[in-house]
Amino acid sequence: MAQPVVLNENITATQPKIWGGGRSPFNVSYGKMMMWFFLLTDAFTFGAFLISYGTTRFFSAVWPDPNHVFGSFPFLGSGYPLLFVSIMTFILIMSSVTMVLAVHAGHYNDKKGVIKWLLWTIIGGIAFLSCQAWEWTHMHHEGGWWGSFTDPSVPKETYEHFFKTTLPSYANAAPAQVIQSAHSFFNYFFTITGFHGFHVTTGVIFLILVLINTINGTYERRGHYEMVEKVGLYWHFVDLVWVFVFTCFYLL
Amino acid sequence: MASNQHNHSIQDLYEGDQSKLYSGVLAHHDEGGLESPQSKKQVKRIWKVFWVLLIVTVVEVVCGMYGHNAGMPKWLLSTFFLVLTVLKAIYIVRVFMHLGDEVRNFIVTILIPLTLFIWFIIAFLADGSFWLHMNNNVGFHKP
């Protein structure tokens, strides 16, 4: 409640009510706050996916080894653990930097700077998606896909190369357990990286739309580049999710 | 001509755009624009965060490749990765997403719901390992 301040008998001044409406108590616009709340819900969606992956992994007696699953590089063949995904990660971090530079240029109403950095971000996003397309194709050639590895009678050679076979957990596991873990691993891998890739794709589309608006001078006439900031939030979130996907699938 | 014909400029169409009220919060109108010392300081900070993210990722990849072979215990390696991951997340959210520049109340509003993850992770992973225990000791899979 606002407290009326009695200055003298005739005049009373009212202090503004912070939560009384008419202004944002958080000092942010509606659009930006809603972007944050959307990202919060999206964080829980991705969190649920990754925790489900973790639960299945804790439930399994044996699990594919990332250094064996992700050991290939285009044109070089296998034997390069984590090298390709490092490049993918680098591309995404780099695109996050160019995005924040676009937001920065927008804060100074620098139209040319916004255009330049948005273009680099779009290029980075497309490069990341191309890498992911290669990785998916490669995984598919290796035999991994949604719903693969369901037949317990298949020969060992079809799934053995995904595992670190020197581990005691591998030696002690029954073939059915090994196959089931490969099955779960690829289901989660394609679902989660696919959902992330879908976010990157929509992010690139948003960036292209914002770029067109910038070139057309829409934001210049509006007087501010907050739309660049809002799409930037989404883009950084995609990078943020990748940080966790990278740890869960490729490192742990 | 028909009276319902309008000739609004884009700006007029956005007259109700409430973001105008707050667009100046993070925007800067310093002397010199992008070349001002304030701006240069911010760009420097962005590149600093880039280097932190890059170096942390390189360290993670190297440990991921050689950690298991070097005989590091699995739990230590996992903890190390998780700490570095959270560190990267903090840098991204705070600097790249500018959450650190927002009003304190807003920061708290965004962060509090995320504490649910603490329960979420503990409960589900504990459940997973309980099931493994059951399967190994009393389940049908017992050899």
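Me: Is F75(A) buried or exposed?
Reply: Exposed. This is a predicted model, and in it F75(A) has 4 other C-beta atoms within 10 Å, so it counts as exposed.

Me: Where does F75(A) lie?
Reply: F75(A) sits in the loop between β3 (72-73) and β4 (77-78) of chain A.

Me: What about the phi of F75(A)?
Reply: That phi is positive, near 70°, and F75(A) is a residue other than glycine.

Me: How exposed is N27(A)?
Reply: Partly exposed, because N27(A) has 15 C-beta neighbours inside 10 Å. The cut-off for exposed is 12 or fewer, and buried takes 20 or more.

Me: Let's move on to α1(A). How many residues does it have?
Reply: α1(A) has 30 residues. From its first C-alpha to its last it reaches 43 Å, close to the 44 Å expected at 1.5 Å a residue.

Me: Which residues in α1(A) are buried?
Reply: They are K32(A), W36(A), L50(A), Y53(A), R57(A) and F59(A).

Me: And what covers the buried residues of α1(A)?
Reply: Pieces of both chains. The cover includes α6 (175-216) and α8 of chain A, together with α5 (104-114) and α6 (116-137) of chain B.

Me: You mentioned α8(A). At what angle do α1(A) and α8(A) cross?
Reply: At roughly 15°, with the axes coming within 10 Å. Angles under 35 degrees count as roughly parallel, and α1(A) and α8(A) are therefore roughly parallel to each other. Their crossing is right-handed.

Me: Which residues make the contact on each side?
Reply: From α1(A), they include G31(A), K32(A), W36(A), L50(A) and Y53(A). From α8(A), they include E226(A), K230(A), Y234(A), F237(A) and C248(A). K32(A), W36(A), L50(A) and Y53(A) are also among the buried residues of α1(A).

Me: How do the residues of that contact divide by class?
Reply: The contact of α1(A) with α8(A) has 12 nonpolar, 1 polar and 5 charged residues.

Me: New helix pair: how do the axes of α3(A) and α4(A) cross?
Reply: They cross at roughly 160° and come within 8 Å; α4 of chain A covers residues 111-141. Over 145 degrees counts as roughly antiparallel, and α3(A) and α4(A) are therefore roughly antiparallel to each other.

Me: Left-handed or right-handed?
Reply: α3(A) passes α4(A) in a left-handed crossing. By class, their contact has 17 nonpolar, 7 polar and 1 charged residues.

Me: What's in the loop between α3 and α4 of chain A?
Reply: N109(A) is found there. With 18 C-beta neighbours inside 10 Å, N109(A) counts as partly exposed.

Me: How far apart are N109(A) and Y219(A)?
Reply: In sequence they are 110 residues apart, while in space they are 8.8 Å apart, C-alpha to C-alpha.

Me: What about α6(A), what should its residues span?
Reply: The 42 residues of α6(A) should span 62 Å at 1.5 Å a residue. The end C-alpha atoms of α6(A) are 61 Å apart, which agrees. Just after α6(A), G217(A) takes a positive phi of about 85°.

Me: Switching to chain B. How many helices and strands are there?
Reply: Chain B has 6 helices and 0 strands. Of its 143 residues, 13% count as buried.

Me: Pick one residue there. Where does Q38(B) lie?
Reply: Q38(B) is in helix α3 (residues 37-66) of chain B. With 13 other C-beta atoms within 10 Å, Q38(B) is partly exposed. Q38(B) and V59(B) are 21 residues apart in sequence and 32 Å apart in space, C-alpha to C-alpha.

Notes. Residues numbered from 1 in each chain as written. Chains lettered and ligands numbered in written order. Predicted model: local features only at pLDDT ≥ 70, side-chain atom pairs only at ≥ 80, totals over all residues. Helix = DSSP H or I, 4+ residues; strand = E, 2+ residues; numbered from the N terminus. Expected span 1.5 Å × (residues − 1). Contact = placed C-beta atoms within 7 Å. Axes fitted to C-alpha atoms, helices over the stretch in contact; angles between N-to-C directions. Parallel < 35°, antiparallel > 145°, perpendicular 65-115°, else oblique. Left-handed = near helix turned anticlockwise from the far one by under 90°. Nonpolar A, V, L, I, M, F, W, Y, C, P; charged D, E, K, R; others polar.
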